[in-house]
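I opened a new notebook page for this chain. The plan is to go from the whole fold down to single residues.

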Amino acid sequence: MSKLLDQAEAAKKAARKLAGLSTDVKNRALLGIAEALVARQDEILAANAQDIERARDAGLADAPLNRLKLTPEKIASIAADVRTVAALPDPVGEIIDGRTLPNGLQVSRRRVPLGVIAAIYESRPNVTIDIASLCLKSGNACILRGGSEAIRSNTVLSRIAVEAETAAGVPEGALQFIESTERALVGELLALRRYIDLVVPRGGEELIRYVAENASMPVLTGGVGVCHTYVDRAADLQKALDVAVNAKTRNWSICNAMDTLLVHREVAAEYLPRLAERYAVAGVELRCDERAMAALARAGNGVHAVAASEDDFGREFLAPVAAVKVVDSLDEAIEHIAAYGTGHSDAIVTEDYEAGRRFMDEVDTAVVYWNASTQFTDGAQFGLGAEIIDSTQKTIARGPVGLREITTYKWYVLGNGQTRP
């Protein structure tokens with residue numbers, strides 16, 4: 001506990017200095033991190049290869065293995081995201097609103113950092129840099145606890161970030177990475193309310209539930225996504241094919257990949273066989289309700305379709321698998337999403353304005369799409385540079401969480417000797 005406590009105290013101390021750190025210093029540190037990531041790519045990849053080998057030997061499933069693996073292209077992408085964060089406006093100091101009261105007091109609200117943000121995450125080494133860069137630009141100190149399967153990768157990445165920050169003049173202690181994989185430390189971290197203002201769990205349901213139930217400080221949750229795409233009877237079917245194929249196959253291991261496809265009965269017979277043939281090329285297994293199976297009778301060879309069980313609806317697959325259901329109406333699609341969704345990302349494909357508007361208004365989810373793939377739910381794609389998490393909460397923040405979402409505000413009151421009568 002003593003080392004963790006030392007790290008928490010150091011982060012809290014650094015947070016006070018970070019609150020007033022200039023944008024120039026923060027940007028210089030971010031650009032230094034991006035440059036170092038590329039320059040030290042071989043070192044990062046060597047550490048990552050050790051993580052991959054040990055994870056494979058331990059029997060880690062394909063989805064987390066896919067998230068764990070780094071490549072030169074992924075490192076270049078991470079570095080590009082850091083540069084994007086550097087180019088974004090600094091949220092700290094932004095005046096949200098202000099007015100002068102009749103007594104002459106000037107009252108305003110200004111955006112300030114939260115303080116110290118802790119993140120507990122699994123598998124994805126890029127999260128180390130994503131969160132470190134967003135916390136730095138928003139003036140927050142951070143404490144990072146990655147999964148044991150990525151410990152070598154995360155250790156190298158965090159050291160690179162700390163070195164670049166220090167060289168740029170960022171206060172010592174602003175970025176703390178817990179290099180121990182001892183599980184008990186998570187519980188101890190969650191007890192440090194005195195030092196940590198917000199904790200963010202990124203990982204599977206078990207991790208998120210554990211953090212939400214045991215944290216002594218506010219928790220920002222998200223990540224688990226049971227995402228739907230509904231093909232309406234007024235859909236442009238070629239557009240619907242492209243959207244559904246992308247939503248499932250571009251990257252099936254991320255939380256915003258499509259899990260369930262809902263198809264209106266009036267277009268199912270024409271649409272599903274064409275979709276199934278494209279899914280077959282990509283190796284996607286379809287788990288179909290009775291009417292979807294009947295519609296696939298016209299599909300060609302190679303289509304991999306099996307009868308769905310009830311458990312397949314409402315399940316985050318993180319695999320090349322999709323549940324398929326034929327519905328009678330837009331209302332049934334909306335009801336299905338309300339019953340089985342997790343409030344992450346859901347889409348409709350339609351050319352009917354009224355159907356699209358109703359879906360956008362009535363589906364209660366963080367990111368709702370009209371004629372677009374759910375794969376876009378991502379901080380970088382939304383122009384945030386990166387993201388802390390895809391929040392499925394309605395308080396604190398919702399959807400991709402970027403710079404502004406990890407700040408709060410402070411009231412500034414300027415007077416000239418006023419006293420209250």
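This is a predicted model: local features need pLDDT of at least 70, side-chain atom pairs count only at pLDDT 80 or more; totals for chains, interfaces and linings use all residues.

Residues are numbered from 1 along each chain as its sequence is written, and side-chain values use heavy atoms, with hydrogens and water left out.

**Positive phi**

I looked up Asn371 under that cut-off. Asn371 counts as partly exposed because its relative accessibility is 22%. Its phi is positive, about 60°, although Asn371 is not a glycine. I placed Asn371 in the loop between strand E13 (367-370) and strand E14 (390-391). Helices (H or I, at least four residues) and strands (E, at least two) are DSSP runs here, numbered from the N terminus.

Leu318 also went on the page. Leu318 is not a glycine, yet it has a positive phi of about 50°. The loop between strand E10 (305-307) and strand E11 (321-327) holds Leu318. With 21% relative accessibility, Leu318 counts as partly exposed.

**Whole chain**

I noted 14 helices and 16 strands in the chain. The radius of gyration is 24 Å, close to the 22 Å that the globule rule gives for 421 residues, so the chain is as compact as a globular protein of that length. That radius is taken over C-alpha atoms, and the rule is 2.2 Å times the number of residues to the power 0.38. Along the principal axes, the C-alpha atoms fill a box of roughly 75 × 60 × 35 Å.

Of the 421 residues, 52% count as buried. I then checked contacts, meaning heavy atoms within 4.5 Å. Among those between residues at least 6 apart in sequence, 73% join residues at least 24 apart.

**Cores**

I searched for nonpolar cores: sets of buried Ala, Val, Leu, Ile, Met, Phe, Trp, Tyr and Cys residues joined through side-chain atoms within 4.5 Å. The largest has 76 residues, and those with the most contacts inside it include Leu37, Ile143 and Ile388. Leaving aside neighbours within four places in sequence, I found Leu37 in contact with Ile44, Ile75, Ile78, Ala79, Val82, Ile129, Leu157 and Ile160. A second, separate core of 29 residues includes Ala240, Leu241, Val245 and Val349.

Thr221 sits in the loop between helix H9 (205-214) and strand E7 (227-231). Is Thr221 buried or exposed? Thr221 counts as buried, at 14% relative accessibility.

Thr100 is in strand E1 (residues 95-100). Its 55% relative accessibility makes Thr100 exposed. Beyond residues up to four places away in sequence, Thr100 touches Leu105 and Gln106. I also took a C-alpha to C-alpha distance: Thr100 and Gly415 are 9.9 Å apart in space and 315 residues apart in sequence.

Pro72 belongs to helix H5 (residues 72-87). Pro72 is partly exposed, at 36% relative accessible area. I found Pro72 in contact with Gln41 and Leu45, leaving aside neighbours within four places in sequence.

Note on methods: Buried means under 20% relative accessible area, exposed over 50%, partly exposed in between (1.4 Å probe, protein chains only).
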